[in-house]
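Dear colleague,

Please find the structure below, handed over for your own work. My findings follow it.

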There are 2 protein chains.
Amino acid sequence: MQIEDLKKKTKMMSSHQTNILPHNAESYPATKEFLMKVVDILLDYIKATNDRNAKVLDFRHPSEMIRLLDLEIPDTGLTLQQLLIDCSTTLKYQVRTGHPHFFNQLSCGLDLVSMAGEWLTATANTNMFTYEIAPVFILMENVVLQKMRELIGWNCGDSILAPGGSISNLYAFLAARHKMFPSYKERGLSSIGGQLVMFTSDQCHYSVKSCAAVCGLGTDNCVMVPSDERGRIIPSKLEELILERKAKGHIPFFVNATAGTTVIGAFDSIPEIADICKKYKLWLHIDAAWGGGLLLSRKYRHPRLTGIERADSVTWNPHKLMGTLLQCSTIHFKQDGLLISCNQMSAEYLFMTDKLYDVQYDTGDKVIQCGRHNDIFKLWLQWRAKGTEGFEKHMDRLMELTEYMVRRIKQMPDRYYLILEPEMVNVCFWYLPTRVRNMPHGPEREKILGEICPILKGRMMQAGTLMVGYQPDDRRPNFFRNIISSAAVTEADVDFLLAEMDRLGHDL
Amino acid sequence: MQIEDLKKKTKMMSSHQTNILPHNAESYPATKEFLMKVVDILLDYIKATNDRNAKVLDFRHPSEMIRLLDLEIPDTGLTLQQLLIDCSTTLKYQVRTGHPHFFNQLSCGLDLVSMAGEWLTATANTNMFTYEIAPVFILMENVVLQKMRELIGWNCGDSILAPGGSISNLYAFLAARHKMFPSYKERGLSSIGGQLVMFTSDQCHYSVKSCAAVCGLGTDNCVMVPSDERGRIIPSKLEELILERKAKGHIPFFVNATAGTTVIGAFDSIPEIADICKKYKLWLHIDAAWGGGLLLSRKYRHPRLTGIERADSVTWNPHKLMGTLLQCSTIHFKQDGLLISCNQMSAEYLFMTDKLYDVQYDTGDKVIQCGRHNDIFKLWLQWRAKGTEGFEKHMDRLMELTEYMVRRIKQMPDRYYLILEPEMVNVCFWYLPTRVRNMPHGPEREKILGEICPILKGRMMQAGTLMVGYQPDDRRPNFFRNIISSAAVTEADVDFLLAEMDRLGHDL
């Protein structure tokens, strides 16, 4: 629906929120009319999101956007008609993250079953802390989380949904510390008389390091272990650094292995790291926020995630590779009972044990959040729709499209430079504009290629036709990182991407 | 729509998720048909939620619910028709938290404008870490959070939305520690050589104590200051305990004052606590997750929140008293720049500074979450609909209804015992069944009254007509705590509540 149509004279020109439910019990028809108009606007957006001829975004600089939009908080409430115009305008300038030409984030795509689930979640508007007010959703969490633990390779354990992988990793850190130093919860650091140290690769997600800051170790005590040229932690270096810290009298206790790094999609070798953890009695956490989805693929699961069942805890974000709507992150523990023992504050005034029903279903005492958003229904409904086989097909398809992209890049060595063979759907490459095509590849050319990334990205955004991310890493300046994690993408979209970058960038 | 109607023969009996967008670009009509059927189901739920003759819930024990529902994760995907049945069945057994007779949580009600906002949020499905992919929503955050800081009484500062009040309180703790001990972030506790101590009242939300566990102080170093009979921290005790810890060589650094306690809705005296914080150079945090909404009421703001502008940080949850959909929690800081300095991990690979646009709008580096759910649109749209005046009317109305309930309780001294005069919308009381009506009030009767709370609550749930929460506290056994925070509630609903408890409980 066009904004002009929304501005036409209707009853809603003089209606306000006080004219609809719940303010006026007789106003169901008016309420329905308002909500149906909102749905019309959302359906238009869904249509445009799936239209390859429509733009991915209509870019405006912040200063211009502020002028274009009316974001003001008014003293007096606006009409329902104005709210519809607000919805429409908001979506006009929103980036269509479900568009087949949006390759920019680890979370791409708009799974419409999962979206329908999120609409229902909003309407049910409940909190996940007790069975009392979320009975069906609590049971769904149990079923889905158990299924995920089975896919990890555990027939026991405990899990929880968290607001993003960073908080999931924090849960792992807290459970590890609590398991190994039970007096820490009450008495803090003073109870152990030594410096705790954690280990992770220099390619890990920054939230692992953040745990050290948040939890009082200090980031100096999150040891960044060097990685090899494929982005995988070097196990011998890990052992060396553990011994080095032990020699200083420090107390190593936690190792994070990443299954699918953010930038290049690397998988740390779990079996080698698990051996080291066993040898030194360290907690093994696997941050599979990104790579976890591949557990669903018999073809691609090994060797990437081989040995994951040896971990003590695993982070896995369905909102990434599985395409579940944002946010949906899970953290799994091999040992049952740890979550509650670690996190409960005995808030008897909130989580009573003298209730009508079996209170072991209540989750409030297991989490650091107290109230939690219902992040399960959208995943449960999506899994019902796809089945486990459907998710496997989805994973295999994303990997095949990635292989297609790599083949196409190799067929165009004058225009594209593949930085490394991907293990996942992250394709890291440089685009080569005309002027560098005859230059030998080396630091001088890499410097130029790095400099053009922001410029070419800027052109994509201003054209509005394509979005691909870029970033530097420790070894090289800026390079593009393409992500195929949307079910909307086809081979033709990959071809479009490569042609469009060339069209926009050849003269740089 | 009845489940029987959903089972009738339609095209959807043989359609799967692969038959709708984004899998099949030609399938917009089928996609629309599916989504419209979901909306029909949601509209039915909204209608029933607002129907006083419909039940609040259809209670089933977990074991029975598991038998009634088909929650299984299938290998092969189910039909679209089955998904519709799933949606309908889920809502059949969900507790209607927006029903006018649901008085159970601090978050009650179903604001339909906010809900429409959440539907749009789901459809836009974006992450809040950068302006690049959430331009309009990021600007909305700026506008709304600035407005909220103005209401606190600050014309500067910084704020962020967090997944619930517990995480908001954690942000406050982290910022305080960072501001006062900047070396803590890198070097941890070893850099300060002393035991940090925090203070809060024994009535505070348990998440404050949880900060001490999470961040490595240990809960023994979260000092619970006694409260008076009205649930307010005793300032002289606070000072005494600060001095006691200082005498031990500990380092007091953080005081939490609660504006609206969870159970009885008490407000700590901010001016007195602020004086103590000033005297001993301690960070003052106000947990106004619950009471913050009253900042919008000129009538009820004072004296409850008088002095809030003297705080260093304030937690305020719009998803509670303001009725915004779950979750919507905010944390505000008087000093700008602290959030980023405290939480950034210099993840240059994610939050580049060489972008097309002014990157000061990116928020990813300020938070411990990395990705964040879009929690702003539902609040922004709701505020546009109500206006600041509409929110003020809403607050005043909730408080007037509370006063009405208190008057009604006092008119029925044989049936109800008011435990204390409420400062907020929490009404704490006992229901008096026939057999205790002639007993003198004292510990013996209180014991009986406490014992019947779970039984009467069980009867409410099994009748499905009403939900009111109960809990014990430090001073007394179980008692009921009624919350009026839903815009759906009227005087007649309060009368119903009191009559229904009597009907269900008189023979206990």
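Predicted model: local features only at pLDDT ≥ 70, side-chain atom pairs only at ≥ 80, totals over all residues.

Residues are numbered from 1 along each chain as its sequence is written, chains are lettered from A and ligands numbered from 1 in the order in which they are written, and side-chain values use heavy atoms, with hydrogens and water left out.

**Contact between the chains**

Six salt bridges are found across the interface of chain A and chain B; the rule asks for a side-chain nitrogen of Lys or Arg within 4 Å of a carboxyl oxygen of Asp or Glu. A salt bridge links B:Arg384 with A:Asp86, whose closest N and O atoms are 2.9 Å apart. Between chain A and chain B there are also 63 residue pairs in polar contact, both residues being at pLDDT 80 or more. A polar contact is a pair of N or O atoms within 3.5 Å; within protein, one must be able to donate a hydrogen and the other to accept it, and residues adjacent in sequence count only if both atoms are side-chain atoms.

Helices (H or I, at least four residues) and strands (E, at least two) are DSSP runs, numbered from the N terminus.

**Symmetry**

Chain A is superposed on chain B by a rotation of 180 degrees with 0.0 Å of shift along its axis (RMSD 0.0 Å). The two copies are therefore related as by a two-fold rotation axis. The same surface serves both copies, since 100% of the contact residues of chain A recur in chain B. Of the residues of chain A, A:Cys215 comes closest to the rotation axis, at 2.0 Å (C-alpha). The superposition is by least squares on the C-alpha atoms of residues with pLDDT of at least 70 in both copies.

**Domains of chain A**

The domain assignment of chain A gives domain 1 (5-96), domain 2 (127-373) and domain 3 (387-504); such bounds come from an automatic or database domain assignment. The C-alpha centres of domain 2 of chain A and domain 3 of chain A lie 31 Å apart. Their contact takes 29 residues from domain 2 of chain A and 24 residues from domain 3 of chain A. Between them, domain 2 of chain A and domain 3 of chain A bury about 2300 Å², 55% of it on carbon and sulfur atoms.

One salt bridge is found across the interface of domain 2 of chain A and domain 3 of chain A, and the same interface has 12 residue pairs in polar contact (both at pLDDT 80 or more).

**Salt bridges and backbone**

Over all chains, the structure holds 58 salt bridges. One of them joins the side chains of A:Asp495 and A:Arg408 (2.9 Å, N to O). A:Asp495 lies in helix α16 (residues 491-505) of chain A and A:Arg408 in helix α14 (residues 377-410) of chain A, so the pair ties together parts that are 87 residues apart in sequence.

A cis peptide bond joins A:Leu21 and A:Pro22, with omega about 0 degrees. The peptide bond from B:Leu326 to B:Gln327 is also cis, with omega near -15 degrees.

With kind regards

Definitions and conventions
Contact = heavy atoms within 4.5 Å. Buried area = accessible area lost by both parts, 1.4 Å probe.
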